Amino acid sequence: MSITTCSDRKPQFPEKDLTLVETMDQRLAVVAAELEQQDYWKIFSGRTTSSQLVFRMMQQLMLNIWKYQQCVNESVFTAVGRHGRYVDEQPLIRAMLAVQIEEVGHGTVALDDYVKLGGSREHAMHCLPSPASLVVMATVRYLGERADPLCHLGYMYFFERFTTIVTEKALPILARHQYPEDQLAFVKLHAEEDIRHSDMLANVVAECEDRYPSARESILFGFDCFRQVYPHPVWKAVCLDAQEKEHGTSGRVQ
């Protein structure tokens, strides 16, 4: 059963006529349209928003990524470890792992950018994750450990493909604010890699759709669960925290 969202946008094509990858891409297009309407994005992209606030938002985003990235990696490795019973599945298992192996250490890249933006490494190492990040972590951990292992392909495809979408939107904004090049390591890395990663995952998803009768339901369930906790709650929290740090008061992001 698919989890509904607040969006009233109607699919361009009936999902029953689409492949699984096409279905997820269509749903991601809806999320991308939602992004433009969010208050946090209007603040981030606004012409009157100060560079200082944009930099603080990026700082808080890097901190959130640092807190949840390792958990995402662990959830995928756990899910893949629970999947596969036959020798002929070995190439598919290798393909499932290929993307996530390349994600190892990316959380540390985000941590380094957080520190370059003025954050405290000591604070990042010991602080609790934000509630929004903790919900992301809990969601992927449950899906990786308890749900059908194929669910992980849904949330990872969302993660990888949506990152390319939001990076494309964010880079011109950061350039307008003359965001320091030496603090763009995480963003640049994912701008270059996530298109390839999402294409790799698309191939795995297509193979699973052909191989396993339950794949479509499981993968879309992972996708829709992740859609409830990312990106809007995380970015909303990032904007709120950045406003509080800049103004010393409680920001209000709807």
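This is a predicted model: local features need pLDDT of at least 70, side-chain atom pairs count only at pLDDT 80 or more; totals for chains, interfaces and linings use all residues.
Biologist: How many helices and strands does the chain have?

Modeller: The chain has 11 helices and zero strands. Both are DSSP runs, numbered from the N terminus: helices are H or I with at least four residues, strands are E with at least two. Along the sequence the pattern reads α-α-α-α-α-α-α-α-α-α-α.

Biologist: How do you know that the span of helix α1 agrees with its number of residues?

Modeller: The expected span is 1.5 Å times one less than the number of residues. Helix α1 (residues 20–37) has 18 residues, so it should span 26 Å. Its end C-alpha atoms are 27 Å apart, which agrees.

Biologist: What makes the radius of gyration fit a compact globule?

Modeller: The radius is taken over C-alpha atoms, and the globule rule is 2.2 Å times the number of residues to the power 0.38. For 254 residues the rule gives a value near 18 Å. The chain has 18 Å, so the two agree. The C-alpha atoms fill a box of roughly 55 × 40 × 30 Å along the principal axes.

Biologist: Why is Leu 61 called buried?

Modeller: Buried means under 20% relative accessible area, exposed means over 50%, and partly exposed is in between (1.4 Å probe, protein chains only). Leu 61 has 9%, so it is buried. Leu 61 is in helix α3 (residues 51–82). Across the chain, buried residues make up 51% of the 254 residues. In α1 they include Leu 20, Val 21 and Thr 23.

Biologist: Which residues does Leu 61 touch, leaving out those up to four places away in sequence?

Modeller: Leu 61 touches Trp 235 and Val 238. Contact means heavy atoms within 4.5 Å. Of the chain's contacts with a separation of 6 or more, 83% are between residues 24 or more positions apart.

Biologist: What makes Arg 27 and Glu 15 a salt bridge?

Modeller: A salt bridge needs a side-chain nitrogen of Lys or Arg within 4 Å of a carboxyl oxygen of Asp or Glu. The closest N and O atoms of Arg 27 and Glu 15 are 2.7 Å apart, and the pair forms a salt bridge. Arg 27 lies in helix α1 and Glu 15 in the segment before α1, so the pair ties together parts 12 residues apart in sequence. Arg 27 is buried because its relative accessibility is 10%. Glu 15 has 22%, so it counts as partly exposed.

Biologist: How many salt bridges does the structure hold, and which residue pairs with Glu 34?

Modeller: The structure holds 13 salt bridges. Glu 34 pairs with Arg 227, with the closest N and O atoms 3.7 Å apart. This pair links distant parts of the chain: Glu 34 is in helix α1 and Arg 227 in helix α10, 193 residues apart. Glu 34 has 13% relative accessibility, so it counts as buried. Arg 227 is buried too, because its relative accessible area is 13%.

Biologist: Why is Ile 101 called exposed?

Modeller: Ile 101 has 53% relative accessibility, so it counts as exposed. Ile 101 lies in helix α4 (residues 90–103). With Phe 77 and Val 104, Ile 101 forms a nonpolar surface patch of about 270 Å² accessible area together. Patch residues have over 30% relative accessible area and no salt bridge; like charges are joined within 9 Å, and nonpolar side chains (Val, Leu, Ile, Met, Phe, Trp, Tyr) within 5 Å. Accessible areas come from the Shrake-Rupley method with a 1.4 Å probe, and for residues only the protein chains shown count as cover.

Biologist: What is the phi of Gln 178, and where does this residue lie?

Modeller: Gln 178 has a positive phi of about 55 degrees, although it is not a glycine. Most residues other than glycine have a negative phi. Gln 178 is in the loop between α8 (151–176) and α9 (185–211). At 67% relative accessibility, Gln 178 counts as exposed.

Biologist: Which residues does the cis peptide bond join?

Modeller: The cis bond joins Tyr 230 and Pro 231, with omega about 5 degrees. Most peptide bonds are trans. Pro 231 lies in the loop between α10 (215–229) and α11 (232–247).

How values were computed:
Residues are numbered from 1 along each chain as its sequence is written. Side-chain values use heavy atoms; hydrogens and water are left out.
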